[in-house]
Amino acid sequence: MPRLSREKLLRSMDMTAFYEAQFNALGIKVTRSGVEMAVCCPFHDESTPSCTINPENGGFNCKACGATGSPIDFIMRRDRLDFKEAFE
């Protein structure tokens, strides 16, 4: 069975659908801000969105707590998984 690389997986994902599903499951409202999406960061308490998501490259970045990364990084941090567990 051929191995799927991280880059190939990320290129094949619909980033908007991925993040909308993740934040909806957490009960966090997703709003559009131009090309980007704005959300309240799930990694700390806040009442106004400080986390932005760029659907074009899949990156997320919280300006308040500094959380940043790819969809795999998001899952690793949210679920406290290592890379191998998150990738599966």
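How close do the axes of helix H2 and helix H3 come, and at what angle do they cross?

**View 1. Helix H2 beside helix H3 in a predicted model.** The axes of H2 (residues 15-25) and H3 (residues 71-79) come within 11 Å and cross at roughly 15°. Axes are lines fitted to C-alpha atoms over the stretch in contact, with angles from 0 to 180 degrees between N-to-C directions. H2 is therefore roughly parallel to H3 (angles under 35 degrees). Met-15, Phe-18, Tyr-19, Gln-22 and Phe-23 of H2 meet Pro-71, Phe-74, Ile-75 and Arg-78 of H3 (contact: heavy atoms within 4.5 Å).

View 2. Helices (H or I, at least four residues) and strands (E, at least two) are DSSP runs, numbered from the N terminus. Leu-26 is partly exposed, at 39% relative accessible area (buried is under 20%, exposed over 50%, partly exposed in between; 1.4 Å probe, protein chains only). Beyond its neighbours within four places in sequence, Leu-26 contacts Pro-42, Phe-74 and Arg-78. Leu-26 and Pro-42 are 16 residues apart in sequence, yet 7.9 Å apart in space, C-alpha to C-alpha.

**View 3. Thr-52 in strand S3.** Strand S3 spans residues 51-54. Thr-52 counts as buried, at 18% relative accessibility. Its side chain makes a polar contact with the side chain of Lys-63 (3.3 Å). Such a contact is a pair of N or O atoms within 3.5 Å, one able to donate a hydrogen and the other to accept it.

**Notes.** Residues are numbered from 1 along each chain as its sequence is written. Local features need pLDDT of at least 70, side-chain atom pairs count only at pLDDT 80 or more, totals for chains, interfaces and linings use all residues, and side-chain values use heavy atoms, leaving out hydrogens and water.

How values were computed: Angles under 35 degrees count as roughly parallel, over 145 as roughly antiparallel, 65 to 115 as roughly perpendicular and the rest as oblique.
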